[in-house]
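These notebook entries record what I looked up about charged side chains and their partners. The sequence and structure come next.

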Amino acid sequence: MAQDFTIFPSINFVDLGLYQFGREDCDPAHSFGPAIRNHYLFHYILSGKGTFMWQDRKGRDNTAVLRAGQGFLISPRQITTYIADERIPWEYCWLEFDGLRAREALEITGLNINQPVYDPVHREFEEKMRDEMLYIVQNKKEAPLHLIGHLYIFIDALTRSVSEYKPSEGKVKDLYIKEALAFIENNYMLSISVEDIAESSGLNRSYFGKIFREAVGKSPQEFLISYRMIKAAELLKRTRYSVSQIGAAVGYPNQLHFSRAFKSVYGVSPRNWRNANSAVNMPDDRS
């Protein structure tokens, strides 16, 4: 079985992040699962065939036999198993990704935990999507921003290849969420609270928290912390500012509180993260 996969660098973006990607030429009857993923995982079948099994939102078991030119989407926290055919085992490429743009785009495609099978309508965009996936897999040494750019193109081609699906339009809840995200983006460096974010959308905290979690997959507080820490990681990697200065720049005037929040997201202190990821030569950071 020939396998080629890459774990992407730890920095990701709120809008769209790329976590892993690869290509696999499976042995006959090779299986994977049952397994649960933390992010979206899209497989495109290059040749051969196999069986994909999944549990839908109600916990019901489903099975589909898929061939070259088709694919399947695994959603976060979904239980899945997939098995290569015994006579004509499949070869596939795959991308693991997540983010706000990913959720929006996948809603357009109609692919979800209940309907994960990809069966393209437009050949031209299917080929473009496949080419972008293979480009990412074959150019793993390119800069992260470069590959994220190709991930955007992949998602655009994915949505266009199944464009007969028409999403519902004018959702009032979507407007509330977009207003909240814009407020966070413009004010994350200030001492804002969940109440402030809800108020910016004209909603009470309880209802706002409910629709925010449904749309984003995190509570407003969890998202705010995650957003701030992503911005902090960018500053740690690309600037010479001290840890305390960076904490203040992302809304944490207390360095101890900032360090605790950063470690809760990245698993290490800001200083240790910088030592492992800095793109500039740093003096010894004792502050």
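I began with the term itself: a salt bridge is a side-chain nitrogen of Lys or Arg within 4 Å of a carboxyl oxygen of Asp or Glu. Side chains of opposite charge can pair when their charged atoms come close.

I noted that this is a predicted model, in which local features need pLDDT of at least 70 and side-chain atom pairs count only at pLDDT 80 or more, while totals for chains, interfaces and linings use all residues. Residues are numbered from 1 along each chain as its sequence is written, and side-chain values use heavy atoms, with hydrogens and water left out.

I searched the whole structure and found 10 salt bridges.

I looked up Lys128 and found a salt bridge to Glu132, with the closest N and O atoms 3.1 Å apart. Both residues lie in helix α2 (residues 123–138), 4 residues apart, about one turn of the helix. Helices (H or I, at least four residues) and strands (E, at least two) are DSSP runs, numbered from the N terminus.

I then checked accessibility, where buried means under 20% relative accessible area, exposed over 50%, and partly exposed in between (1.4 Å probe, protein chains only). Glu132 is at 6%, so it counts as buried; Lys128, at 37%, is partly exposed.

I turned to helix α3 (residues 144–161), where Arg160 and Asp156 lie 4 residues apart. Their salt bridge has its closest N and O atoms 3.0 Å apart. Arg160 is partly exposed at 41%, and Asp156 is partly exposed at 36%.

Finally, I recorded a network of salt bridges that links Arg123, Glu126 and Glu127.
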